[in-house]
Amino acid sequence: MSELPIMGPALPEIFLAIAVMGLMMVGVFVKPDRALPLVSALAIAVLLVAGALIAAGGGGYQLAFGDLFVVDRFAVFMKLLVIAGSVLAIIMSEGFIRREGMDRFEYPVLICLATLGMLMMVSANDLIALYIGLELQSLSLYVTASLQRDRLRSTEAGLKYFVLGALSSGMLLYGASLIYGFGGTTEFGALAAHFGELESVPVGVITGIVFLVAGLAFKVSAVPFHMWTPDVYEGAPTPVTAFFAVAPKIAAMALLLRVMMGPFGGMVGEWFQIIWFVSAASMVLGAFAAIPQTNIKRLMAYSSIGHVGYALIGLAAGTEEGVTGILIYMAIYLVMNVGTFACILSMKVKGRMVEQISDLAGLAKTKPAMAAALLIFMFSMAGIPPMAGFFGKLYVFRAAINAELYTLAVIGALASVVSAFYYLRIVKVMYFDEPAEAFDPVETRGLKAIIGVAGVIVLAFIFYPSLLADNAAVAAVSLLQG
Amino acid sequence: MAIATLCFYVFAAILVACGAMVITARNPVHSVLFLILAFFNAAGLFVLIGAEFLAMILVVVYVGAVAVLFLFVVMMLDINFRDMRKGAKRYAGVGAAIGIVLLAEILLVVGTWQLDPGLSGAGAAPTPAIADMHNTRALGNLIYTEYVYLFQGAGMVLLVAMMGAIVLTLRQREGVKRQRIADQVARSSKDEVRKVNVSSGSGI
């Protein structure tokens with residue numbers, strides 16, 4: 001007789017998986033016109049409970065399911081960010097999905113399933129577990145991208161994302177199989193132990209790492225695997241874009257950190273130049289390619305590519321300080337991106353969504369509060385002190401300097417100066433251009449609250465940086481010790 | 001042993017021949033039939049190496065379900081395979097050239113790798129000897145006990161796939177007449193049947 005595996009540490013995931021199936025039943029058996037609001041509310045509640053279970057589970061290093069699943073302070077930190085991103089995405093979508101013909105209860109259910117996949121990614125301690133979590137997440141995202149199935153752009157976005165996602169999964173699997181072939185196991189701890197004993201790293205392992213990084217770089221949309229991002233961001237329904245820009249990025253970044261610092265942590269010298277290049281290229285492309293954009297969703301896509309580049313500086317440094325920097329950066333990125341997308345979701349003229357930057361003209365006169373909030377987010381994205389975004393960049397740049405990556409830090413600083421141009425152009429359009437048609441009032445209380453709270457957090461971060469920084473530092477330590 | 005070796009060569013030869021026939025047969029129905037024969041021979045090979053469970057699964061799942069599904073699809077869709085071949089012939093030369101270059105490159109790269117001799121026994125889940133445990137049980141142990149997390153995770157992935165297919169394709173069309181069995185059964189004859197006395201010669 002064999003014993004049951006340990007399951008306790010995975011309680012939040014198990015709860016979420018069962019609750020999602022319950023949500024589907026509710027959606028099917030409730031009257032169609034009441035299904036969406038009810039399932040949305042329940043989905044938010046379910047995610048919050050899962051978040052509470054994660055927080056209550058604490059951060060001691062625990063393995064479950066025969067070492068396939070790991071929980072530590074790092075996992076708890078990242079999972080709470082992911083849950084926050086998902087909950088906010090559901091709240092933000094409330095008005096949009098009712099108006100734009102995607103009012104099906106499957107939307108919140110799919111978000112929950114994607115969240116489950118992301119939690120599994122963050123806790124993956126094995127190459128197979130990594131892949132299963134990644135696929136669960138990606139498959140849900142492909143479906144949500146094409147949820148407006150009667151609109152050409154939405155289906156095109158979904159199809160593009162699917163085809164390129166399948167390609168990247170193939171690369172990732174090829175890399176994983178090479179690593180398995182040379183390591184003899186798929187479990188991260190055993191891999192780390194095996195590679196630690198080797199005197200020189202075999203070429204096959206490095207090839208495997210390259211493919212693995214390529215697959216994961218696609219998921220965080222880092223250059224040169226960023227091609228899908230602008231099209232998918234532009235084509236997908238706006239609340240879905242808001243979700244894409246936040247939660248999956250955080251989960252994929254967590255996965256990248258765990259893989260690179262875990263099994264391959266001992267051979268930083270072998271892979272650091274790959275990350276160095278990806279990081280520098282993402283920052284430069286994010287800065288220059290965004291300049292000619294006129295559509296704000298495309299602009300946000302390039303902006304997110306740039307932000308991933310800045311975050312990856314911390315990984316290129318390969319130190320505890322670098323990991324701390326990434327965690328802080330991703331948390332701040334979450335807040336300012338959610339705020340910006342809440343503003344984009346409120347860009348509506350006479351019941352019709354608008355997405356051009358020129359539509360924002362004169363916003364300061366027609367809607368001063370929203371203009372002020374967007375001003376705060378844009379300053380923060382550009383990294384202008386005293387906004388939160390400045391501190392995110394400060395932490396990763398400091399890690400780079402301490403790791404003697406001077407070139408990368410200089411490239412980063414220059415790229416952020418260039419990117420400040422297009423962020424500030426939005427501010428200029430809002431404050432100094434002749435007013436265009438006024439926007440409709442912000443339609444739901446949820447959106448208003450998100451804009452307000454995100455604005456306050458971005459502004460007030462300077463007074464309480466240690467709240468985030470201390471937790472991030474503890475999480476980084478737990479990742480490197482695990 | 002001699003019989004086992006003979007069986008191996010017979011199964012293997014038929015398998016390879018069938019594989020070739022699947023892609024060269026002009027009639028797509030014949031292709032599928034050769035595919036079924038290939039599955040049976042592969043199952044025979046599995047039995048020879050002592051993997052009787054996999055052999056059974058191959059016959060049940062691939063012959064019983066997948067190949068028959070192929071057969072239905074091939075018969076139902078009116079695909080003109082001759083036209084599809086035309087395009088293939090045009091690109092065959094370039095495709096083959098690229099393929100050969102790629103193969104040569106991969107051989108050059110992989111040929112220089114040296115595998116660690118101690119690696120063959122280092123697998124994470126070495127299979128137990130056939131004498132200790134029959135392979136249905138060994139597979140069950142692996143899938144439902146050791147890797148139960150992955151098994152459940154894969155189940156969630158399939159759930160998403162099913163949901164996605166329904167969300168993206170199911171439409172409630174207006175004006176379609178459907179049979180509602182519950183309504184039909186619930187109707188009583190009192191409401192629907194009327195007895196009319198028709199006097200002869202006058203009509204209704």
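1. What pLDDT does chain A average, and what share of the residues score at least 70? In this predicted model, chain A averages a pLDDT of 90, and 99% of the residues reach a score of at least 70. Within chain A, confidence is lowest in strand β4 (residues 352–353), where the mean is 84, and highest in helix α4 (residues 106–122), at 95.

2. Turning to the interface between the chains, 28 residues from chain B and 37 residues from chain A make up the contact. The two chains, B and A, bury about 2,800 Å² between them, with 77% of that area on carbon and sulfur atoms. Zero salt bridges are counted between chain B and chain A, while two residue pairs, both at pLDDT 80 or more, are found in polar contact across this interface.

3. On the side of chain B that touches chain A, α5 (135–146) and α6 (148–169) of chain B each supply at least two residues, and α6(B) gives the most, with 16 residues. By class, the residues of this side of chain B divide into 20 nonpolar, six polar and two charged.

4. Within chain B, the division is into domain 1 (1–80) and domain 2 (134–168), whose C-alpha centres lie 26 Å apart. Four residues of domain 1 of chain B are in contact with four residues of domain 2 of chain B, and the area buried between these domains is about 320 Å², of which carbon and sulfur atoms give 55%.

5. As for specific pairings between domain 1 and domain 2 of chain B, the count of salt bridges is zero, whereas three residue pairs, both at pLDDT 80 or more, are in polar contact. The side of domain 1 of chain B that touches domain 2 of chain B has two nonpolar residues, one polar and one charged.

Definitions and conventions:
Residues numbered from 1 in each chain as written. Chains lettered and ligands numbered in written order. Predicted model: local features only at pLDDT ≥ 70, side-chain atom pairs only at ≥ 80, totals over all residues. Heavy atoms only, no water. Contact = heavy atoms within 4.5 Å. Buried area = accessible area lost by both parts, 1.4 Å probe. Salt bridge = Lys/Arg side-chain N within 4 Å of Asp/Glu carboxyl O. Polar contact = N/O pair within 3.5 Å; in protein donor to acceptor, adjacent residues only side chain to side chain. Helix = DSSP H or I, 4+ residues; strand = E, 2+ residues; numbered from the N terminus. Nonpolar A, V, L, I, M, F, W, Y, C, P; charged D, E, K, R; others polar. pLDDT = per-residue confidence, 0-100. Domains from an automatic or database assignment.
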